[in-house]
Amino acid sequence: MKKILLLGNSHLGALKLGWDKLNLDDKKVTRDCELEFLGAGNPKFVHWRLDANGDIIDHNKKKQSSVSKFCEYDSILLASMPCKLDLGQFCRTKSDALPLLSESCIKSIVFNYSFSYMKNLVPSLLVDIIRTLPNKVVFLGAPCRPFSKLRCDVSRSTGFDRIASIIRDLSVKSISNPDQISFVLPPVILLDEHGVSTRPEFMRSVDDIHANADYGYLLLENLLVDQLGYNS
Amino acid sequence: MGKNPYSDLPKSAFWKTGVAQENPYAIEGIYKKKFDIPANAKIATAGSCFAQHISRHLKKNGYNVLDVEPPPPGLPENLHQKFGFSMYSARYGNIYTVRQLLQLAQEVAGEWTPQNYIWERNGKFYDALRPAVEPEGLDSPEEVIEHRQFHISLVKELFETLDLFIFTLGLTEMWVHKESGTVYPTAPGTLIGEFNEDLYEFNNAQFNQIIGDFNLFQGVLKKIRCGKKFKCLLTVSPVPLTATASGRHVLTSTMYSKSTLRSVAGQLSTNQAHIDYFPSYEIVTNPRMHSIAFADNLRSVRDEIVETVMRHFFREHPAIQKENKNTILHQSTMKTEEDIQCEEAMIEAFGK
């Protein structure tokens with residue numbers, strides 16, 4: 001039995017719903033793995049701290065929720081912050097359009113999406129966890145935005161697809177040479193033909209930012225069985 | 001001594017008290033602004049390398065410096081300059097000569113098209129008009145054209161939007177494509193390209209040509225802006241020439257170049273009410289500094305001297321004071337779409 005901690009913000013919701021669904025379907029992976037969810041209600045994990053004895057504690061709550069000895073988990077999955085494929089890292093501003101960028105520039109971004117780059121952006125709790133157990137941490141990130149949510153400064157018919165394909169290909173290459181953190185990309189089945197945006201049917205219809213239970217179901221099954229090999 | 005035209009002048013009017021005995025790090029009266037720069041003024045910067053310092057310090061001091069091609073958020077800061085980001089208000093790289101600036105504006109206005117600007121090296125293709133912004137080159141000439149068109153569309157946005165244009169005059173010497181007159185920022189064969197004397201020629205601009213080019217530039221800019229007024233602030237780069245192709249000594253060539261550009265800036269700012277001149281050149285080359293303004297190579301301006309230059313600027317154009325209280329209030333109440341939605345997503349999953 002593998003013991004897995006899922007740590008995240010609102011994006012943890014889809015994974016929890018997906019896990020519940022996997023349990024309902026009595027999938028084998030649910031008998032091979034024990035998942036524990038620890039969710040922060042805000043993206044910056046305000047008030048959450050990693051204590052000296054290895055416990056994660058939410059200092060904001062009167063009745064503290066915590067995880068003891070997080071080092072004892074076989075894997076720690078992080079489900080917050082943008083995912084490796086998120087186009088926000090290439091956009092002119094956080095929510096602006098995708099500009100025309102050279103392959104060389106895209107490569108510099110993709111291959112620098114590593115711990116050294118993230119340390120300025122990632123909540124301190126996650127930095128501490130990554131620093132303590134780099135080999136056990138798997139970075140999932142949030143779901144890619146659906147295509148309807150993307151804007152592009154270049155022609156969608158040619159420029160966007162070309163840039164998206166470069167981002168996709170370089171991201172796949174960069175994952176095979178991880179820098180401390182293991183990044184995972186969402187399985188292809190969850191993405192549309194552009195390879196960098198989530199298929200609309202896997203998003204919550206109400207906000208188009210968070211994924212739904214089906215997304216969590218397929219992502220966890222793919223990750224735990226195919227990518228981490230927790231199926232024995 | 002009887003009264004004479006100099007008797008009531010301030011100490012700044014005399015070499016002895018204004019320079020020889022004056023603190024070179026705080027020169028009284030060396031710059032008196034011609035106009036205010038309002039806090040909300042949209043500022044565009046361009047010019048030779050020294051302009052980067054001005055751009056950086058303006059941003060640091062709260063001025064609204066435009067950047068129509070900002071770096072992608074995922075690009076580490078130490079790589080911004082490698083790709084020409086965050087140096088100026090667009091990724092046009094260094095614009096050393098006024099002729100380059102004029103051609104850029106004419107290209108934006110659709111009045112002129114650069115020729116022979118795609119140069120090749122080791123199977124990669126470069127935009128010779130801004131060779132440093134893609135140091136590893138692009139895969140095809142078509143890609144260079146596409147990137148240039150994209151860049152020009154954003155420079156158009158910049159030119160339409162700006163209220164104040166800060167330009168640092170850098171060089172008079174330039175290399176020109178004989179057939180079309182296209183001017184390059186670097187000599188063919190230096191960074192990229194190949195030198196062919198049948199194709200390219202050297203030009204060392206003279207006073208009248210530069211004045212004419214700058215006035216033409218202003219005319220094109222006005223046209224792009226549909227007549228909307230703007231202000232200009234000129235400076236002259238104090239950085240000496242790396243090399244000269246004029247056939248003269250590099251010291252005399254530097255002096256020719258800088259004094260010509262200084263005269264151009266002087267005439268433009270004296271005769272046109274909307275143009276101001278900021279004397280960064282004089283502050284750096286002040287004999288009172290005994291050349292210590294420069295690094296050991298006697299070209300690069302030392303960081304502390306750049307600070308000194310900018311202190312003189314901000315004495316006349318004070319740093320923009322942020323209303324911290326309001327800013328913090330705004331930040332604390334501002335929620336992104338994700339923040340607003342996130343609690344609902346959590347409750348749906350965990351609240352059963």
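In chain B, helix α2(B) passes α8(B) in a right-handed crossing; a crossing counts as right-handed if the near helix is turned clockwise from the far one by less than a right angle, and left-handed if anticlockwise. The model here is a predicted one, in which local features need pLDDT of at least 70, side-chain atom pairs count only at pLDDT 80 or more, and totals for chains, interfaces and linings use all residues. Residues are numbered from 1 along each chain as its sequence is written, chains are lettered from A and ligands numbered from 1 in the order in which they are written, and side-chain values use heavy atoms, leaving out hydrogens and water.

Helix α2 covers residues 50–60 of chain B and helix α8 residues 303–316; their axes come within 11 Å and cross at roughly 55°. Helices here are DSSP runs (H or I, at least four residues) and strands are too (E, at least two), numbered from the N terminus. Axes are lines fitted to C-alpha atoms, for helices over the stretch in contact, with angles running from 0 to 180 degrees between N-to-C directions. That angle makes α2(B) oblique to α8(B), the label for whatever is left once angles under 35 degrees (roughly parallel), over 145 (roughly antiparallel) and 65 to 115 (roughly perpendicular) are taken out. On the α2(B) side the contact (heavy atoms within 4.5 Å) involves Phe50(B), His53(B), Ile54(B), His57(B), Leu58(B) and Lys60(B), and on the α8(B) side Val306(B), Glu307(B), Val309(B), Met310(B), Phe313(B) and Phe314(B).

Next comes helix α3 of chain B, residues 98–108, which is largely enclosed by the rest of the structure because 10 of its 11 residues are buried. Buried means under 20% relative accessible area, exposed over 50%, and partly exposed in between (1.4 Å probe, protein chains only). Those buried residues pack against α4 (141–161), β4 (164–169), β6 and α5 (207–224) of chain B. Just past the helix, Gly110(B) takes a positive phi of about 80°. Chain A has an α3 as well, residues 103–110, and with six of its eight residues buried, this helix too is largely enclosed by the rest of the structure.

Finally, Ser180(B) sits in the loop between β5 (173–177) and β6 (183–184) of chain B. At 25% relative accessibility, Ser180(B) counts as partly exposed. Setting aside neighbours within four places in sequence, Ser180(B) touches Trp112(B) and Gln115(B). Its side chain also makes a polar contact of 2.6 Å with that of His177(B). Such a contact is a pair of N or O atoms within 3.5 Å; within protein, one must be able to donate a hydrogen and the other to accept it, and residues adjacent in sequence count only if both atoms are side-chain atoms.
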